[in-house]
Amino acid sequence: MPDFLLEIGTEEIPARMIAGAADDLRRRIENLLERERLRPAGELAHLDSPRRLSIFAPGVPAAQPDVSEQLTGPSVSVAFRDGQPTPAALAFAKKAGLGVSLLERVSTPKGEYVAARVIRKGRRVEEILSEALPKEIASIYWPKNMYWRKPSERFVRPVRWLVAMLDDQIVPIEFGGVRSSNESRGHRILAAGRFRVPAAGAPYIHALRGAKVLGQVEREQQIRNGLDKATREVEAARWREDKPLLDTVVNLTEWPSVILGSFDREFLELPEEVLVTVMRDHQKYFAIEDAKGRLLPNFLAILNTEGDPQGLIRHGNERVLRARFNDARFFWQTDQKHSLRERVSWLKNVTFQKDLGSYYDKTRRVQRLCSWICEILRQNGTAVRPGVIHKAACLAKTDLTTELVKEFTELQGIVGGLYAQVQVLDRDMPDTTRQLIAQVIYDQYKPESANDPVPRAVEGAVLSICDKADTIAGMFALGLEPTGSKDPFALRRQANGIVRTVAEHKLPVSLGQLFELSRESYRGSAAEKKFANARNYDQAIEGFFRERLQFYMREHLGLAYDVVNAVLAAGADDVVDVLARADAVGTVRGTADFDSISVAFKRIKNILRQAKETGRRIRPLVDPGAFREEAEQELGRKIPEIATAVDAFRQQRDYARALAEISTIRPAVDGFFDKVMVMVEDEDLRANRLALLATLLKEFSTIADFSEIVAEGTRN
Amino acid sequence: MNPARPNPLTLQELTLRLQTFWAERGCVLQPPFDLELGAGTMAPETFLRVLGPQPYKVAYVQPSRRPADGRYGENPNRLYKHLQLQVILKPPPEDVQELYLHSLGAMGIDLAHHDIKFEEDNWESPTLGAWGIGWQVMLDGLEITQFTYFQQCGGMDLSPISAELTYGLERIAAFLEDVDSIYDVNWARDPLSGRTVKYGDVRLAEELQLSVYNFEAADVEKTWKHFDLYEAESKELLEQYSLLAKGDKSSRPLHGQGSGKGVRRRFPLLAAYELCLKCSHLFNILDARGAISVTERVGVIARVRALAVGIAKAWVDQQLSQPESSEEGEPAEIKPVVPLSPVAY
């Protein structure tokens with residue numbers, strides 16, 4: 001049972017792709033061994049670094065197990081004449097590699113046949129691996145790959161060496177013009193050249209460490225320790241935890257170490273957002289803060305080498321950071337020469353999207369949309385300051401013309417907010433108003449991810465959803481909606497942002513209204529002439545948001561899928577209302593009454609569906625005069641009575657009490673199904689009973705479609 | 001005292017060292033291409049040489065002009081015109097990364113004392129219909145080189161591919177000399193007197209004056225006119241080539257009277273490309289001048305791209321139609337080509 005090792009040696013793999021590819025490779029090798037009946041003795045392990053993906057399988061069988069197989073030959077009557085084998089039997093025996101005397105007879109439904117029992121030898125593991133590994137290597141998924149020899153040979157970066165071994169034996173494979181050997185390569189600088197891998201498993205890890213390469217887990221630990229240690233050089237300081245950054249630097253190094261650097265205190269006058277962005281996004285440095293969370297004039301750089309005894313590397317990094325900060329300060333000062341207000345008209349020269357016009361056009365549309373949405377909010381009793389939003393919307397995109405944003409694009413919005421804070425927006429404007437406008441601009445792109453908070457103020461929420469709705473509306477109208485994995489404009493993320501913002505701010509505006517007005521805001525524009533998808537717009541938006549809402553409820557709120565489906569089936573337009581209904585339904589789900597109702601409603605749906613499929617007539621209205629049984633009269637009486645009460649609560653959005661009302665229909669429904677047969681021969685009677693059930697379903701499905709609820713007994 | 005190196009190379013010394021390094025590894029050393037370029041990639045020695053099957057190795061310094069990046073000589077890190085040292089290795093040798101690391105040694109950088117990383121950075125030029133995969137090479141946190149494996153150029157897959165190394169010479173010099181402003185870099189040192197000439201002495205006036213020109217003085221109307229003229233001429237040539245390639249004899253006198261490969265071979269596609277480069281630079285000036293509106297911008301880029309991609313395709317066709325050796329396929333009766341008549345202006 002040899003141990004198996006595969007190391008794919010490459011030029012530097014992009015840090016962001018390593019973890020995913022390593023996982024993919026592990027799955028592929030696992031499946032390969034499973035498929036080939038070569039299941040290893042233990043779990044597969046992987047080790048990755050910028051220059052290698054390695055996978056290790058302990059105790060792989062030396063060969064596949066042999067298989068005994070029965071081959072069926074000609075029928076006995078053809079194979080034997082007068083007890084003597086015919087040429088057909090001889091040919092079959094030869095094919096099976098047996099003497100005629102060893103042939104067996106088997107009975108089949110078609111009669112008696114000649115058969116041969118043969119042992120198929122399992123193939124040797126090296127043979128199988130030699131054959132299969134190149135294909136597996138070629139199939140690893142990369143977000144972006146390249147070719148360096150032939151266009152048909154693709155990998156993330158050129159493959160430069162391959163180690164494939166079973167214990168200490170080389171498994172011969174070839175990929176991208178490289179043949180496997182037992183020679184690997186260590187750290188570029190600290191252990192230049194090649195080293196021999198003695199054997200798969202621990203000897204490999206050991207040799208690799210000798211060549212100054214650590215596995216990803218050790219690297220993370222080494223970096224964390226290094227960060228702690230370097231931070232201790234500064235009094236009462238701590239480094240800012242940043243998992244994405246940590247993952248990046250783990251995957252940029254093979255033998256990491258950490259150094260502490262510092263920068264001039266005067267740069268702390270720049271906004272922290274700018275400093276941190278430069279350090280994190282551009283230099284991949286960790287920031288250091290004091291006990292109160294204030295930034296300190298230090299940074300931590302992760303090196304891919306042993307250390308920096310002469311301080312050369314620290315000096316170099318400090319020099320680069322100083323230049324970057326100087327640039328940022330220069331941009332900040334240059335940008336102040338023109339106010340945000342002046343920059344509004346400059347937006348005419350900044351393209352938003354080639355068919356949707358400039359950012360100036362977008363600004364005007366979003367301003368219009370914001371004022372309409374404000375009006376709706378006010379009518380529905382939400383306090384909001386339209387003037388603040390109007391001004392913020394006007395200035396929101398102007399930071400795209402600033403040097404600082406051109407340099408640090410990830411700071412769009414934030415820079416606008418910071419500039420608005422320090423500029424005179426209007427001579428008579430109270431300071432608090434200006435601060436709020438600045439905050440609304442600052443928050444406009446929020447939430448940028450599932451963990452990012454929504455805008456703080458309701459005014460910020462309005463600008464944020466209107467800005468995103470304008471983009472989505474325009475793109476959908478152009479027919480550029482996301483399909484499958486293609487979503488180049490991140491419309492899904494933006495839609496998620498709208499859903500979350502509306503939900504968390506409880507904005508009383510429906511998605512239908514928002515997108516009708518978003519579309520309206522394009523009316524008469526040049527962009528409108530390019531709208532190819534005008535006809536399907538409403539439907540496409542509705543379907544798109546239903547999915548987003550479903551995603552939000554399941555993934556973000558963690559609601560049960562059946563509750564989500566049930567509630568969305570009763571309407572997905574008003575986010576706040578959907579959530580209120582989901583909340584109420586979630587509470588009653590699993591109670592005896594609702595389990596019973598859900599079972600009954602499923603049954604009703606089936607009955608009605610079958611009736612429709614078989615062309616049975618359903619009366620449009622229930623005729624109470626046609627009732628015969630007591631139980632159907634009872635149900636016929638209860639439906640309108642309870643429905644009226646439900647409706648009253650529903651109007652007040654008191655879904656808990658509405659559902660309590662609904663639960664009182666249960667005895668009547670149960671009684672009906674106990675006593676009454678629906679699909680009777682009498683056509684009129686049947687049509688009336690079907691009408692009764694249809695009414696029940698219709699009247700009681702306005703909060704949720706209870707047939708979607710999985711009843712307690714049937715749930716997993 | 002500079003901790004990086006006790007006696008750092010001047011800008012011109014490090015340029016010479018790099019050129020020598022690559023010359024010793026088989027590169028043709030070219031002088032800078034003598035037209036305004038936004039990047040070394042646009043020089044025919046890259047843009048056209050990476051097309052087609054012929055192996056090639058070349059290195060050259062390319063002053064690269066980016067009008068919008070001008071800062072009147074006031075920003076210590078930004079320049080209107082900076083120096084790139086461009087290396088093309090077609091096809092890239094297997095040890096291309098190691099070779100590159102050795103070239104750093106040639107500049108006196110001892111990697112045992114530094115931190116070097118290859119960080120993902122892909123390159124794309126929609127205008128050239130070109131893109132590649134690669135890295136930015138980081139030395140102690142400073143980006144010193146762009147390393148790109150070309151995948152497509154002129155909208156065509158490349159076979160073989162080329163590796164492009166682009167060294168940012170000013171940055172590297174500032175790093176080696178440990179100065180915070182590019183203008184303080186020593187460009188040259190007189191070995192006799194020990195006196196140095198600074199980058200600022202050589203280039204500051206140019207940065208200032210060209211910033212003024214590009215941002216303030218360039219006459220928009222005339223610049224547009226220049227653009228249109230160069231474009232028209234380039235386009236005209238391209239159209240003629242395409243007629244020639246189709247074997248249309250009714251067209252312009254440029255074909256001479258012969259037909260086939262020899263005529264194609266002498267067709268001035270290189271001139272068409274130079275005209276296209278002019279357009280690209282003029283576009284950059286107009287852009288820096290703020291003279292291109294949103295609606296125009298996309299269209300103008302598309303016009304330059306149409307030329308560049310068209311020329312690249314034609315160039316490949318022309319290369320493939322080359323006779324194997326000069327003796328064969330050369331129609332003897334070709335008359336001297338009538339000089340290209342200026343298009344009607």
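**A walk through the two chains**

Chain A is divided into five parts: domain 1 (4-63 + 124-210), domain 2 (67-120), domain 3 (216-335), domain 4 (343-558) and domain 5 (580-714). Keep in mind as you look around that this is a predicted model. For a sense of scale, the C-alpha centres of domain 2 of chain A and domain 4 of chain A are 77 Å apart.

Let's start with a sheet in chain A. Strands E4, E8 and E7 of chain A form an open sheet in the order E4-E8-E7, with antiparallel pairing. Its edges are E4 (67-75) and E7 (104-108) of chain A, each of which pairs on one side only. From one strand to the next, the twist averages 45°. E4(A) is joined to E8(A), residues 111-120, by 7 bridges, and Glu69(A) has Val118(A) of E8(A) as its bridge partner. Helix H3 of chain A, residues 87-96, lies across E4 and E8 of chain A and runs at about 20° to E8(A).

Next comes the interior. In soluble globular proteins, nonpolar side chains tend to be buried together. Here the largest nonpolar core has 227 residues, and those touching the most other members include Leu300(A), Cys370(A), Cys276(B) and Ile311(B). A second, separate core of 40 residues includes Leu25(A) and Trp255(A).

Finally, turn to where the chains meet: 35 residues of chain B are in contact with 37 residues of chain A. On the chain B side, the elements giving two or more residues are strands E4 (116-120), E6 (130-139) and E7 (142-153), plus helix H9 (294-320). The largest share, 5 residues, comes from E4(B). By class, this side of chain B has 15 nonpolar, 10 polar and 10 charged residues.

Terms used: Residues numbered from 1 in each chain as written. Chains lettered and ligands numbered in written order. Predicted model: local features only at pLDDT ≥ 70, side-chain atom pairs only at ≥ 80, totals over all residues. Core = buried A, V, L, I, M, F, W, Y, C linked by C-beta atoms within 7 Å. Buried ≥ 20, exposed ≤ 12 C-beta atoms within 10 Å, placed from the backbone. Contact = placed C-beta atoms within 7 Å. Helix = DSSP H or I, 4+ residues; strand = E, 2+ residues; numbered from the N terminus. Nonpolar A, V, L, I, M, F, W, Y, C, P; charged D, E, K, R; others polar. Domains from an automatic or database assignment. Pairing = 2+ DSSP bridges. Axes fitted to C-alpha atoms, helices over the stretch in contact; angles between N-to-C directions.
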